[in-house]
Amino acid sequence: MAATTDTVAVPTAAPADHKLTLIPLIALVVGSMIGGGVFNLPSDMSRGASPGAIVIGWLVTGLGMLMLAFVYQDLAVRKPALNAGPYAYAKAGFGPFIGFNSAWGYWISAFLGNVAYAAAIFSALSYFLPIFGGGSNLPSIVGASVGVWAIHFLVLKGIRQAAFINVVTTISKLVPIFLFLLIAIIAFHWDKFTFNFWGQPDAAGQGGLGSLLSQVKSTMLVTVWVFIGIEGASVYSTRAAKRSDVGRATLIGFIGCLGLYALVSLLATGIMSQTDLAGLKVPSMAGVFESLVGPWGAALINLGLIVSVGGAYLAWTLLCAEIPYVCGRDGTFPKWFAVENRNGSPANSLWVTNGLIQLFLVLSYFSQSAYQFFYFIASVAILPPYVFSGAYALKLAITGEGYQAGDKARGRQLLVGLIATIYGVWLVYAAGLQYLLMCAILFAPGILVYAKARKEQGGRIFTGVEMIIAIALVAVALWAGWQMWIGELSPL
């Protein structure tokens, strides 16, 4: 999951003497994309994929996410009035029900991402304090709960940010990552990297990782997780000294992050075997680094994750609460979510968001791998706004809405929107039936929230097509719940 300290609120236009040039814009883009997920890439990518499949996975992700970045960059300029979040594009292009589900998924992704990071923080803390185990035992849940509600009451009092947080968290995550890369390059073994490069079974038919397609699919939700927040790059356009610098900064920052992520995951495969990498605890980068330099390496990586993720948790809490708050203000959610307290904090949104985080923290006790499970669900939940943002850009290019006659950019955006949409659909396929069913269970209750919001707006609740979609969603959720009840579908 990307860091979000720079994207909690959409900035207003900056004074001329405070406009950002290319280099500061690149720094903002990189800072918004690199979060704590990078620290567990070695095991997350290797769990079901060989080095060859990992390479292909990053190539697919690189093309798809780049097109998605271009979609958000273009839509920010072409549709400046749609500034309530990526779900606004789904709503504008495909109606209020699709827009609502995109917003609902965006919110689910945000608060489940916080649950995943709570597990990651306490898993890292267990290196120093073994009582926390794998990050989802009882002490971890108690500790995470204390942290959630401490920040909750700080935000209610109107404490929304600290100026030094972004600087501290950025340094704390980049320094250990670059040190890891430097030493990993020196220690890299080509023979270990190329051994069973495609993950095929041996002569006796043992040890394979499955087909190349299944291996590549296994990497997709991991790559989505570390790029969540890519849509935030477009908000920097109001700060730019030159509008054209936003596109350059997006491209340079994206390529830099993609290279960083690919290096972390691939260099690890030249240091440890696939089996060993898959068995490492969160954060797996610490285990790889420890094998190279000893215990101080693991301590450095664990400390980097704790400071980075822990320091940014305030901003992530604000982001989680901001989504339903903004949706309540624009009518996508009921007005109840837009209530502020006397300190200007989104009180109702904050209470329900942290209440849900607390619920899923308790549920994480029953999970064998809480971090992976919750970030997989978070990655699937955010797919609707991604898919429909690409589809909206494609729709605009096809219809010509927002384009001047003879605009040469229309053909380019047609291709960008098409690739972004195909990539989004591919991600839905790659997510797999289990996680799609889990998300259906989480999306179905949203229908009641949507109906309440539509009633407040005085509009018709469903069109004919929307009714069919809603009925299908409820049916799938009920079937998924039944499968869980009879033990055919494991939730955790």
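Asn196 is partly exposed, with a relative accessible area of 34%. Here, buried means under 20% relative accessible area, exposed over 50%, and partly exposed in between (1.4 Å probe, protein chains only). The structure is a predicted model: local features need pLDDT of at least 70, side-chain atom pairs count only at pLDDT 80 or more, and totals for chains, interfaces and linings use all residues. Residues are numbered from 1 along each chain as its sequence is written, and side-chain values use heavy atoms, with hydrogens and water left out.

Asn196 lies in the loop between α8 (190-194) and α9 (212-227). Helices are DSSP runs (H or I, at least four residues), numbered from the N terminus. The phi of Asn196 is near 50 degrees, a positive value in a residue other than glycine. Asn196 is among the residues touched by Ser50, together with Phe197, Trp198, Gly199, Leu209 and Gln215, not counting residues up to four places away in sequence. Contact means heavy atoms within 4.5 Å. Ser50 itself is buried, with a relative accessible area of 1%. Ser50 sits in the loop between α2 (41-46) and α3. From Ser50 to Ile252 there are 202 residues in sequence and 28 Å in space, C-alpha to C-alpha.

Helix α3 covers residues 51-78. Its 28 residues reach 40 Å from the first C-alpha to the last, close to the 40 Å expected at 1.5 Å a residue. The expected span is 1.5 Å times one less than the number of residues. Of the 28 residues of α3, 21 are buried, so the helix is largely enclosed by the rest of the structure.

The axes of α3 and helix α17 (residues 409-431) come within 8 Å and cross at roughly 130 degrees. Axes are lines fitted to C-alpha atoms, for helices over the stretch in contact, and angles run from 0 to 180 degrees between N-to-C directions. The two helices, α3 and α17, are therefore oblique to each other. Angles under 35 degrees count as roughly parallel, over 145 as roughly antiparallel, 65 to 115 as roughly perpendicular, and the rest as oblique. On the α3 side, the contact includes Val60, Thr61, Leu63 and Gly64. On the α17 side, Ala409, Gln413, Val416 and Gly417 are among the residues involved.

The largest nonpolar core holds 149 residues, of which Trp58 and Phe227 touch the most other members. Helix α5 (residues 96-125) gives the most to this core, with 19 residues. A nonpolar core is a set of buried Ala, Val, Leu, Ile, Met, Phe, Trp, Tyr and Cys residues joined through side-chain atoms within 4.5 Å. Trp58 touches Leu41, Met45, Thr223, Val226, Phe227, Leu258, Tyr261, Ala262 and Ser265, not counting residues up to four places away in sequence.

Helix α5 also packs with helix α13 (residues 295-330), at an angle of about 160 degrees and with axes 9 Å apart. That makes α5 roughly antiparallel to α13. Contact residues of α5 include Ala103, Tyr106, Trp107 and Ala110. Those of α13 include Asn302, Leu305, Ile306 and Val309.

Just after α4, Gly95 takes a positive phi of about 100 degrees. A positive phi, near 100 degrees, also belongs to Gly294, which follows α12. In α12, the buried residues are Ser284, Met285, Ala286, Val288 and Phe289. The peptide bond from Val282 to Pro283 is cis, with omega near -5 degrees. Pro283 is found in the loop between α11 (274-278) and α12 (284-293).

Ser136 is found in the loop between α5 and α6 (138-156). Ser136 is buried, with a relative accessible area of 13%. Its contacts are Ile141, Ser364, Tyr365, Ser367 and Ala370, not counting residues up to four places away in sequence.

Helix α15 (residues 370-381) and α16 have axes that come within 5 Å and cross at roughly 30 degrees. The helices α15 and α16 are therefore roughly parallel to each other. Ser379, Val380 and Ala381 in α15 meet Leu383, Pro384 and Pro385 in α16.
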